[in-house]
There are 2 protein chains.
Amino acid sequence: MITIALDAMGGDHAPRAEVEGAILAARELGVRILLVGIESAVRQELNRHRQRNLPIEVVNATEVITMSDSPSQAFRRKKDSSVHVAAKLVRDGKADALVSMGNTGAVMTVARFVLGTLRSVDRPALAAAFPNMKEKVTVILDVGANVDSKAVQIEQFAVMGEIYYRTIFGVKRPRVAMLSIGEEEMKGNELTREASSRLKQTSLNFVGNVEGRDVFRGNVDVIVCDGFIGNVALKISEGLVEHIGGMLKKAIKSRLTSQLGYVLSKSAFDDFRRRTDYSEYGGAPLLGVKGITIIGHGRSNPIAIKNAIRVANELCRSHVNEKIEQEVSAAAAVAVRG
Amino acid sequence: MITIALDAMGGDHAPRAEVEGAILAARELGVRILLVGIESAVRQELNRHRQRNLPIEVVNATEVITMSDSPSQAFRRKKDSSVHVAAKLVRDGKADALVSMGNTGAVMTVARFVLGTLRSVDRPALAAAFPNMKEKVTVILDVGANVDSKAVQIEQFAVMGEIYYRTIFGVKRPRVAMLSIGEEEMKGNELTREASSRLKQTSLNFVGNVEGRDVFRGNVDVIVCDGFIGNVALKISEGLVEHIGGMLKKAIKSRLTSQLGYVLSKSAFDDFRRRTDYSEYGGAPLLGVKGITIIGHGRSNPIAIKNAIRVANELCRSHVNEKIEQEVSAAAAVAVRG
């Protein structure tokens with residue numbers, strides 16, 4: 001049975017949402033959960049549910065990282081935070097995966113330095129799943145673990161992202177593309193030109209460069225880019241969804257002349273919200289660190305938390321980190337021969 | 001009277017939409033228009049309208065740049081294209097501004113090399129206006145004229161963008177920000193850190209770094225970034241609007257149980273389309289070249305074309321290029337002293 005160390009203090013509705021998510025996961029997924037956080041607060045929530053026979057345990061941590069902590073401060077000054085304690089459980093072999101809905105930068109920093117990077121991987125990458133027009137998802141990485149990446153690191157992101165897509169979305173040979181500003185190879189910048197020429201030499205199903213608008217078209221499965229670009233892409237998308245959501249609400253309200261019209265529009269709007277919310281898709285894995293790490297959105301509800309645990313479980317069960325070490329090494333060997 | 005050289009062959013519905021846009025502009029804005037394109041085709045459209053007393057003339061060009069021409073091919077091989085001829089009219093003082101709804105890359109290349117760059121400006125920048133939640137616009141530049149920009153060039157983009165915003169959107173002291181991946185100065189990459197520290201020393205109203213989601217929040221007016229980042233931001237936004245539009249249409253159709261419900265939702269949807277379409281805001285100026293250049297979306301309708309001409313007219317009348325030369329020089333002088 002896979003053991004998940006769940007940061008019980010991370011999300012906007014912690015520890016309530018985390019405890020409910022843990023219960024759903026333990027009941028439905030057959031995983032063991034270590035709920036890591038302020039023990040009294042976590043137990044109080046847990047007691048509300050009377051779930052005696054589920055494989056859920058509480059592990060105490062005396063500190064909490066907040067959204068306003070900077071990653072480096074959180075890492076250096078809060079050594080007994082729920083994130084640290086959960087990461088140490090993974091490092092020490094007491095858990096297989098770390099799942100947190102907390103401060104993304106802080107979780108990445110703690111995971112990276114407590115767990116360490118996989119052999120043969122230079123830098124970890126955060127992968128986010130974007131829903132697309134084909135009603136599937138497009139995975140983009142890196143969305144913010146690093147900036148100023150080099151071409152060889154982009155190549156490693158591609159290998160890791162492809163393994164993740166294969167494992168979680170069940171596609172045998174995902175199409176991998178480089179995010180650029182035009183499909184022609186000569187467009188783009190120095191980094192994309194060098195990275196594209198490397199990617200062509202790998203055994204990946206590399207289909208070339210794509211533009212920003214291809215993120216939503218569903219004509220490719222995995223898109224790689226530097227973390228600065230990926231983070232801008234992610235935040236622009238979140239911002240635009242928020243903006244359009246606000247506009248639709250206003251438009252719907254201002255046209256409210258019948259109860260029926262409202263009900264129709266309201267449910268169309270709810271559909272929209274649900275289908276643009278990538279947290280539905282199980283959180284963002286930080287690929288390339290030892291031990292699986294999944295970071296979810298702070299506003300995750302119990303179902304989103306259960307989904308993140310499900311993804312963590314699947315990544316553990318399919319030995320994704322062993323595959324990453326093997327395949328990144330293999331790609332490097334090809335590059336040396338090439 | 002300001003004279004506009006309008007590329008009559010650029011847009012998806014050329015020359016029909018261009019001719020109608022020219023008529024609207026000549027009638028409403030008091031500008032003179034040189035319609036540049038295949039003379040027979042342009043005259044045929046013009047004759048449909050019997051607008052004898054308007055200051056519209058036709059200038060012949062024998063070639064047309066298509067959306068599939070690469071910028072460098074279009075520049076080198078189609079020297080008598082409508083874009084070239086229009087640019088030469090500006091270069092030779094026969095027109096004040098070039099307006100085109102054509103292939104953005106090709107228009108930028110032709111404008112840059114036929115017109116030349118302004119004294120004291122290293123590289124031109126393409127500026128795009130994004131509608132925001134405050135029902136105003138946020139201008140981002142560069143959205144794709146250059147890649148691999150240096151900090152000094154980002155600073156020049158800021159000066160040019162500020163002048164553009166002041167001139168067209170009537171804000172005395174626009175708030176200028178650097179696009180990064182977190183507000184703290186230490187976040188971001190090498191370029192943003194160096195550019196931010198330069199921007200602080202200018203006389204601009206520089207408010208620091210913003211994230212991708214701030215593009216739509218309306219808490220800043222002008223956002224600067226490297227053209228690779230800006231282009232990804234623009235294309236991601238276009239792609240997401242297209243995606244959400246498609247989803248809403250489906251959702252509305254699938255819930256169609258009454259005519260009333262449909263009418264309500266349809267008009268909410270049309271609102272949405274109109275308000276996320278930045279071409280409503282008058283096209284994207286290529287700032288930093290001699291002679292005003294405005295590039296609009298290929299799908300521009302006559303009203304959008306008239307708006308682009310209006311913006312070109314205002315930029316000419318307010319001597320925006322003289323201001324750019326003066327203020328970029330002044331900023332460089334501060335940097336030398338600092």
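In chain B, B:Ala129 sits opposite B:Val139 of strand β6(B). The two strands involved, β5(B) and β6(B), run antiparallel and are joined by 5 bridges; strands count as paired if DSSP finds at least two bridges between them. Strands here are DSSP runs of E with at least two residues, helices are runs of H or I with at least four residues, and both are numbered from the N terminus. Between β5(B) and β6(B) the hairpin has 5 residues, and there B:Glu135 takes a positive phi near 60 degrees.

Before going on, a word on what you're looking at: this is a predicted model, where local features need pLDDT of at least 70 and side-chain atom pairs count only at pLDDT 80 or more, while totals for chains, interfaces and linings use all residues. Residues are numbered from 1 along each chain as its sequence is written, chains are lettered from A and ligands numbered from 1 in the order in which they are written, and side-chain values use heavy atoms, with hydrogens and water left out.

**Strand β5(B) and its sheet**

How many residues of β5(B) are buried? The count is 7 of the 7, so the strand is largely enclosed by the rest of the structure. Buried means under 20% relative accessible area, exposed means over 50%, and partly exposed is in between (1.4 Å probe, protein chains only). In a regular strand, side chains alternate between the two faces of the sheet. For β5(B), one side carries B:Ala125, B:Ala127, B:Ala129 and B:Pro131, the other has B:Leu126, B:Ala128 and B:Phe130, and all of these are buried.

β5(B) has another partner to look at: residues 125-131 of β5 pair antiparallel with β10 (residues 284-287) of chain B through 2 bridges. In that pairing, B:Leu126 faces B:Leu286 of β10(B). Helix α6 (residues 151-169) of chain B packs on the sheet, touching β5, β6, β7, β9 and β10 of chain B, and its direction makes about 150 degrees with that of β6(B). Contact means heavy atoms within 4.5 Å, and angles run from 0 to 180 degrees between N-to-C directions, with axes being lines fitted to C-alpha atoms (for helices, over the stretch in contact). Helix α7(B) also packs on the sheet; it touches β7, β8 and β9 of chain B and makes about 170 degrees with β7(B).

B:Thr192 belongs to helix α7 (residues 190-200) of chain B, and it is buried, at a relative accessible area of 3%. Leaving aside neighbours within four places in sequence, B:Thr192 is in contact with A:Phe228 from chain A, along with B:Met178, B:Leu179, B:Ser180 and B:Lys187.

**Over to chain A**

Chain A has 11 helices and 11 strands, and 62% of its 338 residues are buried. Of the chain A contacts between residues at least 6 apart in sequence, 73% join residues at least 24 apart.

Its open sheet of 11 strands has mixed pairing and runs in the order β3-β2-β1-β4-β11-β10-β5-β6-β9-β7-β8. Why is one side of β3 and of β8 left without a neighbour in the sheet? In chain A, β3 (56-60) and β8 (206-210) stand at the edges and each has a single partner strand, so one side of each has no neighbour there. From one strand to the next, the twist averages 25 degrees.

Within this sheet, β6 (residues 137-141) and β9 (residues 222-224) of chain A pair in the parallel sense over 3 bridges, with A:Val139 opposite A:Val222 of β9(A). Helix α5 (residues 104-115) of chain A lies across β4, β5, β10 and β11 of chain A, at about 175 degrees to β11(A).

**Rings**

The whole structure holds 8 aromatic pairs over all chains. Rings of Phe, Tyr and Trp (its six-membered ring) pair if their centres lie within 6.5 Å; planes under 30 degrees apart are stacked, over 60 edge-to-face, and the rest tilted. Here are two of the pairs:

| Pair | Centres apart | Planes | Type |
|---|---|---|---|
| A:Tyr164 and A:Phe169 | 5.9 Å | 80 degrees | edge-to-face |
| B:Tyr164 and B:Phe169 | 5.8 Å | 75 degrees | edge-to-face |

A:Tyr164 is buried at 1% relative accessible area, whereas A:Phe169 is partly exposed at 26%. Together with A:Tyr165, A:Tyr164 and A:Phe169 form one aromatic cluster.
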